[in-house]
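Here is a short note to read alongside the model. Keep the structure open and follow the points in order.

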Amino acid sequence: MNFEAIKSIYAFEMARTRRTLLQSVVSPVISTSLYFIVFGAAIGSRIQLVEGVSYGAFITPGLIMLTLLGQCISNGSFGIYFPKFTGTIYEVLSAPVAMVEIILGYVGAAATKGMLIGLIILLTANFFVHITIQHPFMMILFFVLTAVTFSLFGFMIGIWAGNFEQLNLIPMLVVPPLTFLGGSFYSINMLPPFWQAVSHLNPVLYLVSGFRWSFFGIADVNPVLSLGMITFFLVICLATLGWIFKTGYRLRS
């Protein structure tokens, strides 16, 4: 294992975050604060409790997951797309660096940045609502697995994208609607039976539900099923990336 190569890629990607600190850190904090002001204060004053939890606290795991998914996908996709765009990807591919080492460097940095922002959002939430974590180990497990999985997914998007429009297609047009409709701001038990069944087709529901369970012990779906869904998606991403590097899809053309 070439740890020096992993360290170099990881350090380069993390340095990009320090150069764009305002965009990377301050912007998500402001956005989250606005969510709490609008949803937590305005709507929360009309919805006192959701399954025994105050509405402001209830939406906190969904807000963290919303930010985590967006940040991990964006960082993962841009991290590999920009070298493709500038042509420096060929230097990485021609260097004595294995596929695993390239993925560890880029995806590790994307996941780290996403988790840092997620932790900042969690700290910010404490200024607005009282947060309790009933299952801290499971919270960390869901948090890390989600960050790594969607950083891998973003990495795949960055390889697939042929231009900046395609790069932003899934993060901007697909992920936010799935997150908003995945129980981030409500419990699907509030929905009619038909729409509850439809909601179970949304993969983000399992992420949000499992993560919320680790906080409050309440969930729309079984936490074991949520953990299984994340693991299943992680395996799919790893298998797909293995095929991409084996065939050179969108990397050597």
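With which hand does H4 pass H7 in their crossing? H4 passes H7 in a right-handed crossing. A crossing is right-handed if the near helix is turned clockwise from the far one by less than a right angle, and left-handed if anticlockwise.

1. Ground rules. This is a predicted model, where local features need pLDDT of at least 70, side-chain atom pairs count only at pLDDT 80 or more, and totals for chains, interfaces and linings use all residues. Residues are numbered from 1 along each chain as its sequence is written, and side-chain values use heavy atoms, with hydrogens and water left out. Helices (H or I, at least four residues) and strands (E, at least two) are DSSP runs, numbered from the N terminus.

2. H4 and H7. Two packed helices are described by the angle between their axes and the distance between the axes. Helix H4 covers residues 60–86, and its axis lies 7 Å from that of H7, at an angle of about 35°. Axes are lines fitted to C-alpha atoms, for helices over the stretch in contact, and angles run from 0 to 180 degrees between N-to-C directions. On the H4 side, the residues that meet H7 include Ile64, Leu68, Cys72, Ile80 and Lys84. On the H7 side, they include Phe143, Ala147, Phe150, Gly154 and Trp160. Contact means heavy atoms within 4.5 Å. By class, this contact has 16 nonpolar, 6 polar and 1 charged residues. Here Ala, Val, Leu, Ile, Met, Phe, Trp, Tyr, Cys and Pro count as nonpolar, Asp, Glu, Lys and Arg as charged, and the others, Gly among them, as polar.

3. H6 and H7. Helix H6 (residues 99–125) and helix H7 (residues 136–160) cross at roughly 130°, and their axes come within 8 Å. The two are therefore oblique to each other. Angles under 35 degrees count as roughly parallel, over 145 as roughly antiparallel, 65 to 115 as roughly perpendicular and the rest as oblique. H6 passes H7 in a right-handed crossing. Among the H6 residues in this contact are Ile102, Tyr106, Ala110, Met115 and Leu122. They belong to a contact with H7 residues that include Met139, Val144, Val148 and Leu152. The contact of H6 with H7 has 16 nonpolar, 2 polar and no charged residues.

4. H4 and H11. Helix H11 spans residues 203–216, and its axis comes within 9 Å of the H4 axis, crossing at roughly 130°. H4 and H11 are therefore oblique to each other. Their crossing is right-handed. From H4, Pro61, Gly62, Ile64, Met65 and Leu69 take part. From H11, the partners include Val204, Leu207, Phe211 and Arg212. The classes here are 10 nonpolar, 1 polar and 1 charged.

5. The salt bridge. How many salt bridges does a search of the whole structure find? The search finds 1. A salt bridge is a side-chain nitrogen of Lys or Arg within 4 Å of a carboxyl oxygen of Asp or Glu. Lys113 and Glu13 form it through their side chains, at 4.0 Å, N to O. Lys113 lies in helix H6 and Glu13 in helix H1 (residues 3–19), so the pair ties together parts 100 residues apart in sequence. Lys113 is buried, at 4% relative accessible area. Glu13 is buried too, at 3%. Buried means under 20% relative accessible area, exposed over 50%, partly exposed in between (1.4 Å probe, protein chains only).

6. Arg16. Look at helix H1 again: Arg16 is found there. Arg16 is buried, with a relative accessible area of 17%. Beyond its neighbours within four places in sequence, Arg16 is in contact with Asn75, Phe78, Gly79 and Lys113. The C-alpha atoms of Arg16 and Gly79 are 9.4 Å apart, though 63 residues separate them along the chain.

7. Ile89. Helix H5 (residues 89–94) holds Ile89. Ile89 is buried, at 3% relative accessible area. Leaving aside neighbours within four places in sequence, Ile89 is in contact with Ile80, Pro83, Lys84 and Leu251. Ile89 and Leu251 are 162 residues apart in sequence, yet 7.9 Å apart in space, C-alpha to C-alpha.

8. Glu51. Most residues other than glycine have a negative phi. Glu51 is not a glycine, but its phi is positive, about 55°. Glu51 sits in the loop between strand E1 (49–50) and strand E2 (53–54). Glu51 is partly exposed, at 38% relative accessible area.
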